[in-house]
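Hi,

Here is the structure I promised to pass on to you. Have a look at it first, then read my notes below.

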Amino acid sequence: MIGLLEIEDLSVSIGGKRVLKNVNLKVSEGETHALFGPNGCGKTTLLNTIAGIPRYQVDGGRIRFKGEDITDLPMYERAKKGIGIAFQHPPAIRGLKLRDLIKLCNPQADADDLLTEMDLMDFADRDVNRGFSGGEVKRSEMVQLLAQQPDFVMLDEPDSGVDLENIKLIGKAITRITQKDIKPSKRTKSGIIITHFGHILDYMKTDKAHVMIEGTVICSGDPREILDEIKKSGYERCAACLCQI
Amino acid sequence: MPMSDLEDRARKARDKKAALGTDVDLESYEQEASPHSEIEDLDLLPEDVRKAALNVGVSLDTESGGTYVQVDQTPIHVDSNMEGIEFLDIATALKNYDWLKDYWWKLVPVDQDKYTADVAQYPPAGYFIRAKPGAKTVFPLKSCMYLGQSNLNQRVHNIVIAEEGSELHVITGCTTPSHVQRGLHLGVSEFYIKKGAHVSFTMIHNWGKEVEVRPRTKIHIEEGGSLSNNYVCLSPVKTLQTYPTAILDGRGAVASFNSVLYSNQGNIDIGSEVILRAPQTSADSVSRAVSVGGEIIARGRMVGEVPDVKAHLECVGLILSDRGRIYSIPELDGRCGGLDMSHEAAVGKISEEELEYLMARGLSMDQATGVIVRGFLDVEIKGLPESLKQELHKITQLQELHGGA
Ligand SMILES: Nc1ncnc2c1ncn2[C@@H]1O[C@H](COP(=O)(O)OP(=O)(O)O)[C@@H](O)[C@H]1O
Ligand SMILES: [Mg+2]
């Protein structure tokens, strides 16, 4: 399979502080990966750097997408090439209605359909994320991604602050965005998801998982196995692994 | 007060500089306007006037409760087609109604400054609106002030009276055609909102780059009356200074001011003042300003004279260029205990985070800036009929708003 996204020796700093150190990661077409790691280890930094937020300064290494080096590409061009992201803490935008933002994500999208799917019809004419609860903000991210239909979707804690009912809804949306609802051989969409609790993984499929500690990916493997291990003994064992490399 | 007294006071104030705004040299403008002929049928209105009116939210084709069009100093068309609403040009109204003297220069002092004095010294032009007790306008009254003669000093004096329990919606668009670069517009407006009446007044300005503008507005509101005052200026102007004052003079009176400003050059000094003079009155004022190069002074002042009143001020500004300046001056003047007055003011650039958010969805930097600026200018306005709300929304959203360098 082609490596849709390939990250090679990526080092990134923010605000003068080195956060990512020689990260290597490859996500193939049709695959969705999980990314685990303790608070502050650099997970968000990795996704935001792939998205192209200029504040994240790439000090070394490169990011390849669909075979092309996108390390220096402006943000919106990456979006145009098919990279999408659900932010961990999205901002509110005054005067921009959620319905209108869906249209901006994709003029062809049927906003009403998607809003209904994410149980957000009552929010259609409200300013994006303004006064939304934690769970509503996360569903607002999903509805935008459903419209945008990115080839590679990055989900930064889409389940944080979300009740069980809605985790199910979000899981279903992710399943659709990542094409886990169709035959493996037909899948072209890929993704990466950051989650702490793993409830969401009951409602979506992941093919592989990685553990990040202190800005480095130290371990990769089967998602269930890794999650069970983390649940049992926290990240201590992983940190021990770090000492060995 | 006899008219001669007014003339006397006006004469004495001829050189009196205004408290705010840059000083305008009145001598440098044409004093006499060429007359225009009246037009019975709105369909015969010159196309350039019709188009200009449309640009300031005054669509002359759609239903209205009445229409007033003034070109330079001539009221070329007035019609009123609603029961209980009078819409006349002010000269005719003064001739017809002796009692109008009791409203003439009673709120705006004739000797406030050289501009009010100047308006008083020439034959009056402007409109007179009166809603009889209990009368309600279904459709807004529309008026257009068109300054078509280069270098003219256009003088306007309007009186609006909403009798007890009435409801009035007025939209006024003031504009110049593109060939008129230089000009001066002086506009005096006096509003009387009586017991339980509601007035919405929406003013949209679209001037030339070399036009100077000095409106002088005062509004008196009685018990249970309410005002929704909206001001929009999104196109360049040389200098503009206005500071409408509302006096809440009866229990439960309410005033709400909204202003939306976008400037790429010139000097705009705009504010509003509300005097809360009776218990249970309340006022709010929201100003949104965007500068991509011009200077905007955004003032707001609330004066609480008695206990049990509520006032809130919001002045928010975005500066999108190194050359721009926004000077936000919110003032709260509480003169007794038992008041609830507050303000919030913020001036800054567009949030990086919001830009990045939209760029992550595939919008370019320019598109994202446009979306955020338009959203910022799309103020939620209360007290307006739906048709006017949509008109305002269209105007603030259709403008080509460019991000600064
Ligand atoms: N703007 C910033 N300036 C300085 N340090 C930052 C900034 N943003 C994040 N960091 C730091 O970078 C590290 C990684 O943060 P982050 O990627 O958000 O972690 P995670 O998502 O794994 O919890 C943390 O130590 C955090 O404090
Ligand atoms: Mg994070």
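Which side chain does the side chain of B:Thr239 make a polar contact with? It is the side chain of B:Arg214, at 3.0 Å. (A polar contact is a pair of N or O atoms within 3.5 Å; within protein, one must be able to donate a hydrogen and the other to accept it, and residues adjacent in sequence count only if both atoms are side-chain atoms.)

Before going on, some ground rules: this is a predicted model, where local features need pLDDT of at least 70 and side-chain atom pairs count only at pLDDT 80 or more, while totals for chains, interfaces and linings use all residues. Residues are numbered from 1 along each chain as its sequence is written, chains are lettered from A and ligands numbered from 1 in the order in which they are written, and side-chain values use heavy atoms, with hydrogens and water left out.

Back to B:Thr239. You'll find it in strand 12 (residues 239–242) of chain B; strands are DSSP runs of E, at least two residues, and helices are runs of H or I, at least four, both numbered from the N terminus. B:Thr239 counts as buried, at 8% relative accessibility (buried means under 20% relative accessible area, exposed over 50%, partly exposed in between, with a 1.4 Å probe and protein chains only). Leaving out residues up to four places away in sequence, B:Thr239 touches B:Thr22, B:Val211, B:Glu212, B:Val213, B:Arg214 and B:Asn267.

Now for where the chains meet. 28 residues of chain A are in contact with 18 residues of chain B, contact meaning heavy atoms within 4.5 Å. There are three salt bridges between chain A and chain B (a side-chain nitrogen of Lys or Arg within 4 Å of a carboxyl oxygen of Asp or Glu). A salt bridge also joins the side chains of B:Glu356 and A:Arg55, at 2.6 Å from N to O. On the side of chain A that touches chain B, helix 5 of chain A gives the largest share, five residues.

Last, the metal. The magnesium ion (ligand 2) has A:Thr44 (OG1) and A:Gln88 (OE1) as protein donors, 2.0 to 2.2 Å away. Donors are N, O and S atoms within 2.8 Å of the metal (3.2 Å for Na, K and Ca), and water is not among the atoms, so sites may look incomplete. A:Thr44 is partly exposed, with a relative accessible area of 22%.

Cheers
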